[in-house]
Structure formats: C-alpha cells, structure tokens
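Please look over the complex shown here before reading the report that follows. The sections take up one chain, then the other, and then the contact between them.

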Amino acid sequence: MRAPPEIAEIERNIGFQRKVWAAERAAWAAMLGLVLLALLGALGGAGPLAEGRAESGGLAVEWPRIARLGLVTPIRVTLPDGEQELRLDATFSEGWRLRDATPPAVAAQAGMPEMRLRLAGGAPRATVVLHAEPVGAPGFRRLRLAAGAAALDLPVLIWP
Amino acid sequence: MESVLRALAMYVALLILFRLTGRRSLRETTPFDLVLLMIVGEATQQALLGEDFSLVNGLVVIVTLLLADIGLSLFKGRFPSMERVLDGVPTILVADGRPIEERMRRARVDLGDILAAARERQGLAELRQIRWAVLESDGTITIVPAERR
C-alpha cells in the first residue's frame with residue numbers, strides 16, 4: 001500500500017526521532033543522577049556529602065561543605081574550653097549573611113579584619129549555632145573561624 | 001540584572017527539561033498532571049523571584065520570559081532545522097491498521113491512547129479502521145481512517 005507524500009515525509013524523519021528517544025533516555029538517567037546527588041547532599045541542603053565536621057585545638061565546627069545561595073544553613077560552633085569569643089574572618093561578612101545566632105551573642109563587633117561574636121559564659125564549652133545564608137557569587141570559598149589560639153579554615157562549595 | 005539572568009536560566013532549563021522529558025508527559029493532562037504542573041510553577045516562581053517580590057522585579061521577570069519566547073520563535077523561524085530539534089517531529093505509530101509496538105513503547109503511547117484518539121476524533125472503534133496514527137510533535141495523536149483511501 002502506497003503512503004501519501006505527507007506520511008512518507010514523516011517516515012523519513014524516523015532516524016532523527018530515534019536519536020531523540022536515545023537522548024531522552026540519557027536525560028532520564030541524568031535526572032535520576034541529579035536526584036541521587038541531591039539525596040546525598042551534593043547539591044547542598046541536608047545529606048552526608050553536604051555536612052562537614054572539623055576540630056582543631058578544641059574549636060569544633062559542623063559546617064555545610066556544600067551550600068546553596070539564598071538557603072539559610074546552620075553552622076554549629078563549639079569553642080575551646082574557657083573561650084567565649086568567636087572570630088570570623090573578614091570574608092565571612094562578604095560571603096555570608098548572618099541571619100541570627102542561637103543562643104544570641106551577648107556582644108558583636110563587625111569590622112576589619114574580622115567579625116567577633118562574644119558568647120554568654122556559664123557552660124564549660126560555649127556552643128553557638130550561626131544561621132547564615134551564602135550571598136554573592138556561586139563557587140568555592142573558604143569559611144575561616146577562630147577562637148583563642150585555635151583556628152579552622154574550611155572549604156565550602158556554593159551552588160547557585 | 002540578576003532577575004533577567006535568573007529568568008533566562010530558568011527558561012532554558014525548563015525548555016530542555018520538558019523537551020527531554022518527552023512530549024507525552026504533560027500533553028494528555030490528567031488532574032494529577034495539572035497538580036504537578038502547578039507545583040513546577042510554584043517551585044519555578046521561588047527560583048525566579050528570590051526574595052524580591054516587588055512589582056518591578058515581577059515585571060522584569062515576565063518581560064524577560066516573554067522576550068525569550070519571542071526570541072526562540074524567531075530563532076526557529078530563522079533556522080528550520082532547529083525547529084525539529086526544539087519541537088520534535090511527528091512519528092507514525094500505526095501503519096495500515098498495524099501498531100508499530102517498538103515506536104509506541106519508546107514514545108510511551110499504548111494502544112488505548114491510540115484507540116481513544118480514534119474514538120474522540122474520528123468516531124472509530126477498531127484498530128483495523130485506522131490507516132495511520134501519527135504522534136504529532138505537540139503530543140496529540142492524529143488518526144487517518146482507513147475509509148479515506
């Protein structure tokens with residue numbers, strides 16, 4: 001049975017359509033990969049890849065290794081025994097917007113070369129959770145914190 | 001500037017995602033598809049506007065999206081070969097009353113979809129009454145009845 005020219009024309013495109021189907025399947029695999037990466041935390045938010053923990057000289061930090069612009073992320077800091085002041089590198093105020101701290105700092109001093117947060121005394125090791133939101137350009141940056149003689153220089157990947 | 005870039009990035013991302021998801025995905029809209037579409041819209045809105053809910057930002061985003069759409073249609077008109085990449089091409093699923101199973105499986109169309117289209121658009125009830133069934137690039141199924149030979 002002879003096909004009309006319009007149908008024959010459509011049939012000639014079947015090779016292209018097969019390539020499209022192959023591209024679709026590859027894209028579905030990529031989408032699945034993206035979802036799995038998101039579950040693992042590779043795109044920021046919660047997840048084992050996103051959460052980092054480091055300690056140096058009694059200064060302990062749980063920080064987001066991977067974060068997203070505009071997403072408020074907790075940074076949990078435990079100061080060395082006897083220390084009440086947390087120092088944040090000057091780049092912190094450029095790259096992060098500090099929304100609040102829990103418990104709130106009793107005094108804060110922002111300026112060069114660093115931001116200082118003074119925490120309430122009482123506990124043997126003062127702990128504070130900084131709720132901070134990455135701002136500025138996406139990419140790699142450093143999160144530098146110090147308390148007393150202890151200091152940490154932590155990498156953070158920021159997704160848009 | 002950020003709003004414009006966000007809008008353009010989201011336009012391109014959605015264009016690619018919906019193209020690669022397949023034309024059947026949101027064409028035959030079920031109530032669930034509609035809800036899914038609304039959720040996609042809501043998620044997109046947050047990403048487009050960020051925290052700036054001002055009138056100006058909303059207008060900038062809307063104008064950017066519309067302009068991107070106009071630009072895309074002009075681009076497709078200028079480069080017809082890109083039109084088939086971006087919009088897809090029709091595919092024959094039934095030839096002379098015989099379903100082409102492999103194509104139907106790849107296009108995620110089952111015999112029920114084709115028979116439903118035949119009933120709705122041509123009043124045909126049986127497969128043998130269909131000469132050609134074509135999945136169009138917009139996701140609709142066109143039926144050419146056997147009687148018209």
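How many bridges join strand β3 (residues 130-135) of chain B to β4(B)? Five bridges join these two strands, which run antiparallel.

## Basis of the model

This is a predicted model, in which local features need pLDDT of at least 70 and side-chain atom pairs count only at pLDDT 80 or more, while totals for chains, interfaces and linings use all residues. Residues are numbered from 1 along each chain as its sequence is written, and chains are lettered from A and ligands numbered from 1 in the order in which they are written.

For the complex, the predictor gives an ipTM of 0.78 together with a pTM of 0.76. Chain B has a mean pLDDT of 87, with 94% of its residues at 70 or more; pLDDT is the predictor's confidence in each residue, on a scale from 0 to 100.

## Chain B: domains and sheet

The secondary structure of chain B consists of six helices and four strands, where helices (H or I, at least four residues) and strands (E, at least two) are DSSP runs numbered from the N terminus. Along the sequence these elements follow the pattern α-α-α-α-β-β-α-α-β-β. Chain B is assigned a domain 1 (2-87) and a domain 2 (91-148), with bounds that come from an automatic or database domain assignment, and the C-alpha centres of these two domains lie 30 Å apart. The radius of gyration of chain B is 19 Å, whereas a compact globule of 149 residues would have a value near 15 Å; this radius is taken over C-alpha atoms, and the globule rule is 2.2 Å times the number of residues to the power 0.38. Along the principal axes, the C-alpha atoms of chain B fill a box of roughly 60 × 35 × 25 Å.

The four strands form an open sheet in the order β2-β1-β3-β4 (chain B), with antiparallel pairing; two strands count as paired if DSSP finds at least two bridges between them. The edges of this sheet are β2 (98-99) and β4 (141-145) of chain B, each of which pairs on one side only. Within β4(B), I143(B) stands opposite A133(B). Helix α6 (residues 111-122) of chain B lies across β1 (91-95), β2, β3 and β4 of chain B and runs at about 65° to β4(B); axes are lines fitted to C-alpha atoms, for helices over the stretch in contact, and angles run from 0 to 180 degrees between N-to-C directions.

## Chain A: overall form

Chain A contains three helices and eleven strands, which follow the pattern α-α-β-β-β-β-β-α-β-β-β-β-β-β along the sequence. Its radius of gyration of 25 Å is well over the 15 Å that the globule rule gives for 160 residues, so chain A is more spread out than a compact globule. The C-alpha atoms of chain A fill a box of roughly 90 × 25 × 20 Å, taken along the principal axes. Chain A is divided into domain 1 (5-40) and domain 2 (51-159), and 45 Å separate the centres of these two domains, taken over C-alpha atoms.

## Chain A: strand pairing

Five strands of chain A make an open sheet in the order β1-β2-β4-β9-β6, with antiparallel pairing. The edge positions are held by β1 (51-56) and β6 (96-102) of chain A, each with a single partner strand, so one side of each is left without a neighbour in the sheet. On average, neighbouring strands of this sheet are turned by 20° against each other, direction ignored. The partner of β6(A) is strand β9 (residues 127-134) of chain A, and the two pair in the antiparallel sense over six bridges; here D100(A) has H131(A) in β9(A) as its bridge partner.

Further pairing involves strand β8 (residues 114-118) of chain A, which is joined by five bridges to the antiparallel strand β5 (residues 85-89) of chain A. In this pair, L117(A) in β8(A) is the bridge partner of L86(A). Strand β7 (residues 107-109) of chain A also pairs with β8(A) in the antiparallel sense, over three bridges, and there the bridge partner of A107(A) is R118(A) in β8(A).

## Contact between the chains

In the interface, 14 residues of chain A are in contact with 13 residues of chain B, a contact being two residues whose C-beta atoms, placed from the backbone, lie within 7 Å. The elements that give two or more residues to the chain A side are α1 (5-12) and α2 (14-40) of chain A, and α2(A) gives the most, with eight residues.

By class, the side of chain A that touches chain B has nine nonpolar, three polar and two charged residues. Ala, Val, Leu, Ile, Met, Phe, Trp, Tyr, Cys and Pro count as nonpolar, Asp, Glu, Lys and Arg as charged, and the others, Gly among them, as polar.
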